[in-house]
Amino acid sequence: MMANEGSDTKTPATKRIDEPTGTEFVGHEWDGIEELDTPMPRWWLWTFYLTIIWSIAYVVLYPAWPLVEKGTEGVLGWTSRGQLAEEMSLADQARASVRERLSRTPIERIPEDADLLQKAVAGGAAAFKVNCVQCHGSGAAGSQTLGYPNLNDDDWLWGGDINAIEYTLVHGIRQQGHDETRFSAMPAYEGVFDDTQIDAVVDHVLSLSGKAQPNAAGADIYDVNCASCHAPDGTGDRSVGAPNLADAIWLYGETPAQVRRQILQPRMGMMPKWEGRLDPVTIKMLAAYVHSLGGGEDFVEVTAEGEDPPAVEVDEQS
Amino acid sequence: MNNPRGQPEDWSAFTKAKTTRADPLYESAKTVHNKRIDGPFRRFKWLVMLVTLGIYYGTPWIRWDRGEYAPDQAVLIDLANRRFYMFNIEIWPHEFYFVAGLLIMAGIGLFLVTSAVGRAWCGYACPQTVWTDLFQHVDRFVDGDRNARVRMEAAPWTFGKLSRRIFKYMIYLVIGFWTGGAWIMYFADAPTLTVDFWTGQAAMAAYITVAILTLTTVVLGGFMREQVCIYMCPWPRIQTAMMDEKSLLVTYKDWRGEPRGSVKKAQKSPDEFGDCIDCMQCVQVCPTGIDIREGPQIGCITCALCIDACDKVMADIGRPRGLIDYATLEDCEAEAAGQPARPAWKALMRPRTFAYTLIWGAIGLGLLFALGARSHADISVAADRNPPFMLMSDGSVRNSYTIKLRNMESQPRQMEVTLNGLSGGRMWTETISSDEAAPSQIFDVPADQTLSTRVYVMAPADTMAQDFMLELTTLDEQRETDSSATKFAAPGDK
């Protein structure tokens, strides 16, 4: 660049030419550095026109201009919602074969197929996030304050093998008007015993897990009133959903006050029946997921004495 | 200030024309019809072209045996499996710093080359230069040398011209297609991909990539050519900032050449004229269409073809070679002042060049060291946060973790993971049942893969929250080890 101080290049009359290149100066100057009016390359102009043509094609083909009610739609009819629906249906198609396999595999046979189990657990985890976390929490840890059971531990009110979990999911717990629902009731002992008797029973219950000294009076009351469901040793009865009182897990709390309250004004949890709300395959996946959380028990076929367990039929038709 | 664009041969006429008409806003590029030349630099350029194109087209076909669990292609960028293979080096995504290191080395390498020999990259090895050179040879092959091509461009569109042009553009397309076709071979097994490509079995991405690269090759190498270097490429601008009076560049020694005069004139009055006879050979052979006699300029890629051309002319008329030559501006001044010419290689001996070499070498050695010292087995642990711990019915406490065992060898390995620092701790997994819970477990990690598994760790009742380690040992002769610290959460705090 050439320095040219004090020159006035604003009027055409004083236009100057850069000698070596023969190009006019634009007239801008920064500390003696001047700008030449070098023409742009022609292909650059074409590129610019191309971008304009591109934008016109884009506006015609795709949604572009926002108008008062809605935008222009474009002749291709593309929408982001439509694309999402298409992708979702593709994903559904991709899952179809897994769902089909799940639907004809009996629930207790799923753990035998590692690949199917992994897919069932993954699907169950997704369904759990939508349908179950509201009560059981996103980590399936439940809530002692609210009385929602923890699904990660090895303590099960109604059974922890994969079939029992599926049954609970299908029929729910304490669902009014549903014959097959899991049902039981803890009687309210408010007004039945006096304070000393209650304290004795609380002491005895806590002593079952070593949290209090044994109490003979409490043991007597327990044997008469409680042992029929909770078992003489306090280990509970899963067939009626009676909790194990001799372990370390307390659904409604382990302090004497909390135990006392549960005897006088028992709380009893409810769980929706998912049959009819979720399809059977999703329920199977949920059962597999809950079973996989770490406390799942092995399914044992209940058979008549001396008989071999019947082979589980895999229905290839459905 | 020098105009970087191609100039007509009659410079003064151009200048006059420009001063008498209004400047256009846009100017169409003038096609460069460079003349054939032979000489040491041209031969060197041929060699570089042969080597670089050979590397580009040939590399994907080199086989390299890695055993049954890894591909046998020597150089393979396996995007689907996120692996980069280069002979006996295999790079995983977490080792991308090797690629970053190589890119930094490439950058500093360019600085080093620029510091030592100026724009040698531009002149010889840049793909734009190599492919432009290739396309210019195609022009020469189809239409003849410079004069024939100039005539052809000005000729009316007869059948002959049309058929020649179609023939030429067909060759362009074939070169472009080959360029794109070779590119995709780096991303999949080359022989398989070739068969798949021609039988319509290859991925759509392969066809699209080939189509795009065919287009860009033909457009950039066949038509844009020197316009890319002058208008589009940032590197000449960066180099301009890196050059100084000690940088080696192709220089016209004006003190020796000026004033120009024909051989006849110089014979009449020997003292009046310099060595330049204004034969325009240097301009005619230039692949970017510049006149080197205007001094250093952005359009000069220092390919040195003008040196070949000028040396030939000087030999013909019996004057010493080197009127146009590799020299630094500093040397030119010294030479102009009458000092003897310094050999060009001495221009390499300067602190800046050594500094770049040192940095470049240090990074290279660092990378090599990191490559040699890297472990091929690795464990990482993430503790489940929700819930942080689980109280079991017998009062014991269970935590769960997601562990990742990385096997970077191309053969399956057994790895033993052991709990360290958690007394009474036992672990099991989703596949190892809780009946087999133990303080250590053995995992079969597939070849060249990361095994991700959920691990349950159980500690007896009344265990406090604490830190512990998960330690990995490979059960093979290497016995590589790694460990990862994590936390055991429990209701009781420390």
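Q: Before we go on, how are the names and numbers to be taken?

A: Residues are numbered from 1 along each chain as its sequence is written, while chains are lettered from A and ligands numbered from 1 in the order in which they are written. This is a predicted model, in which local features need pLDDT of at least 70 and side-chain atom pairs count only at pLDDT 80 or more, whereas totals for chains, interfaces and linings use all residues.

Q: In which order do the strands of the sheet in chain A lie, and why is one side of β1 and of β3 left without a neighbour?

A: The sheet is open, with three strands in the order β1-β2-β3 and antiparallel pairing. β1 (17-18) and β3 (33-36) of chain A are at the edges and each has a single partner strand, so one side of each lacks a neighbour in the sheet.

Q: Which strands form the edges of the open sheet in chain B?

A: That sheet has three strands in the order β2-β3-β4, again with antiparallel pairing, and its edge strands, each pairing on one side only, are β2 (75-78) and β4 (89-91) of chain B. The twist from one strand to the next averages 10°, an angle between N-to-C directions that runs from 0 to 180 degrees, with axes fitted as lines to C-alpha atoms (for helices, over the stretch in contact). β2(B) is joined by four bridges to strand β3 (residues 83-86) of chain B, the two running antiparallel, and B:D78 has B:R83 in β3(B) as its bridge partner.

Q: How is the length of a helix checked, and what span should α9 of chain B have?

A: The expected span is 1.5 Å times one less than the number of residues. Helix α9 (residues 204-224) of chain B has 21 residues and should therefore span 30 Å, which agrees with the 28 Å between its end C-alpha atoms. Just after α9(B), B:R225 takes a positive phi of about 45°.

Q: Which residues of α9(B) are buried?

A: A residue is buried if 20 or more other C-beta atoms, placed from the backbone, lie within 10 Å of its own, exposed if 12 or fewer do, and partly exposed in between. In α9(B) the buried residues include B:A206, B:V210, B:T214 and B:M224. Their cover includes α5 (127-143), α7 (159-184), α8 (190-198) and α10 of chain B.

Q: How many residues does each chain give to the contact between chains A and B?

A: Residues are in contact if their C-beta atoms, placed from the backbone, lie within 7 Å; by that rule chain B gives 29 residues and chain A gives 30. On the side of chain B, the largest share, four residues, comes from α1(B). Strand β4 (residues 40-41) of chain A also pairs with β1(B) in the parallel sense over two bridges, where A:P41 stands opposite B:E27.

Q: How is chain A divided into domains?

A: Domain bounds come from an automatic or database domain assignment, which gives domain 1 (1-39), domain 2 (91-182 + 270-291) and domain 3 (195-264) in chain A. The centres of domain 2 and domain 3 of chain A, taken over C-alpha atoms, are 30 Å apart, and their contact takes 10 residues from domain 2 and nine from domain 3.

Terms used: Two residues are in contact if their C-beta atoms, placed from the backbone, lie within 7 Å. Two strands pair if DSSP finds at least two bridges between them.
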